[in-house]
Amino acid sequence: MTLIPTEPDLSGVARTYELDRKHVFHSWSAQAELNPMVITRAEGSYVWDGQGNRLLDFSSQLVNTNIGHQHPYVVEAIAAQARTLATVAPQHANDQRSEAARLITERAPGELNKVFFTNGGADANEHAVRMARLTTGRPKVLSRYRSYHGGTETAINLTGDPRRWANDKGDAGVVHFFGPYLYRSHFHATTEAEECARALAHLEQVIQLEGPQTIAAVLLEAIPGTAGIMIPPPGYLRGVRELCDRYGIVFIVDEVMTGFGRTGSWFFCAEEGVEPDLLTFAKGVNSGYVPLGGVVISDRIAQEFAHRPYPGGLTYSGHPLACAAAVAAITVMERDGIVENARRIGEEVFAPELAALAARHPSVGEVRGRGVFWAVELVADRETREPVAPTGGTSQVMAAAVGACKELGLLPFANSNRLHLVPPCIVTEAEAREGLGIVEKVLSRVDELVK
Ligand code: PLP
């Protein structure tokens, strides 16, 4: 007798939907206006909806299934761990947690040698900020507008998008600044070099005017993800590192979305030659098969807590199922060259094909990205760069674009006026081209709508 059905029960789809609408309260949403897609099955780069339609998953769900869906090696590792030791309290040592910490720290840059495990990305950022405040004795944290750092109290206040507003009581100790974003430059820059220099000068001014002695940390996404995949100009992250050193500020890099292969490397900050004091991760560490996040801690900050207790913890810190999934995911990503695959697909397929597609479609303002991390910015007018939807909002054009993607068999990640094309790092060249073929058709429809 099998206890777990292996085939989706399509007769149950209507019931799933009905119970969802009746009892499930969803994230970030007006509940009565939702129409969630039922997903019954997934494999590799594909998911199946309640009607049995197969969709190419160019969202990687919430940009987390870096290893693809249902990777047998990771699924088996979770099952094996469940049979061995399904849970263990955080104060005990456990082989999967120890091994996961080794694999993560070996891939992190420089002297980042310890991991504090959390349940996800938001609480990783919460703890990173707590460590920075305790280490420096300073209260404030600087983060950029156009960013996302999570939904919990400090993390949502660090966030620089409109989702913060309703959560912002003005007392979180967070000050926002402008980061580099050449396409919509806040600094009237016309080149990457100008944007970089001016963004750094702006940040230094903010530090000076806020009072360096009041600032515990600067916290930045390595590449702002949900806010638009704005690749920082070369030298920007290094410049922030230098500013932090100059003013005794802890530099926290959030690699929750960028880490573990997404950009074609294990960590983007390492590619830029930058070693933060604290690095936060989640998502791709085990592709979200079991919730897991964490803070990778530099020797200097770890030393702060060598003989005074760190005042923070979680029942599930370093949960063995999550850590077993991380060990398996990292091992198989290394073994099968999955990070290199993401880089190659970015360089050989996405970069040239999206550039060509942008040239053909007037509704495309800009395409940008690397690895399997790409944004297509849709505009009503190329000259004025007027977005087809406001920041943090939607519009008929965006709803039509997302609807067309799904109708044609592609699940995108959409935010504001952008389609994000973020397939798993295992995506094959054929799948990448299949997805881009669908995007081309969708853009033809969007061109008509904005004409
Ligand atoms: N940081 C970044 C850059 C993210 O993209 C996210 C989630 O999308 C988070 C933090 C929050 O992670 P979680 O949803 O696991 O709390």
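**Domains, sheet and cysteines**

Modeller: Domain 1 and domain 2 bury about 3,300 Å² between them, and 56% of that is on carbon and sulfur atoms. Buried area here is the accessible area (1.4 Å probe) that two parts lose on being put together, summed over both.

Biologist: Which three residues supply 23% of the area that domain 1 buries against domain 2?
Modeller: Trp28, Val339 and Phe373, more than any other three residues. Before we go on: this is a predicted model, where local features need pLDDT of at least 70 and side-chain atom pairs count only at pLDDT 80 or more, while totals for chains, interfaces and linings use all residues. Residues are numbered from 1 along each chain as its sequence is written, and side-chain values use heavy atoms, with hydrogens and water left out.

Biologist: Thanks! Where do the domains run?
Modeller: Domain 1 covers 13–70 + 337–449 and domain 2 covers 73–335, with bounds from an automatic or database domain assignment.

Biologist: And how many residues of each are in contact?
Modeller: 41 residues of domain 1 touch 41 residues of domain 2, with contact meaning heavy atoms within 4.5 Å. The C-alpha centres of the two domains are 25 Å apart.

Biologist: On to the sheet. What is the strand order?
Modeller: β4-β10-β9-β8-β7-β5-β6, an open sheet of 7 strands with mixed pairing. Strands (E, at least two residues) and helices (H or I, at least four) are DSSP runs, numbered from the N terminus, and two strands pair if DSSP finds at least two bridges between them.

Biologist: Which strands stand at the edges?
Modeller: β4 (112–118) and β6 (174–177); each has a single partner strand, so one side of each is left without a neighbour in the sheet.

Biologist: In what sense do β5 and β7 pair?
Modeller: Parallel, over 3 bridges between residues 140–144 and residues 215–221. Lys140 stands opposite Ile215 in β7.

Biologist: Switching topic, how many disulfides are there?
Modeller: The count is 0, where a disulfide is a pair of cysteine sulfur atoms within 2.5 Å. For Cys405, the nearest cysteine sulfur is that of Cys425, 20 Å away.

Biologist: Is Cys425 buried or exposed?
Modeller: Buried, at 0% relative accessibility. Buried means under 20% relative accessible area, exposed over 50%, and partly exposed in between (1.4 Å probe, protein chains only). Cys405 is buried too, with a relative accessible area of 0%.
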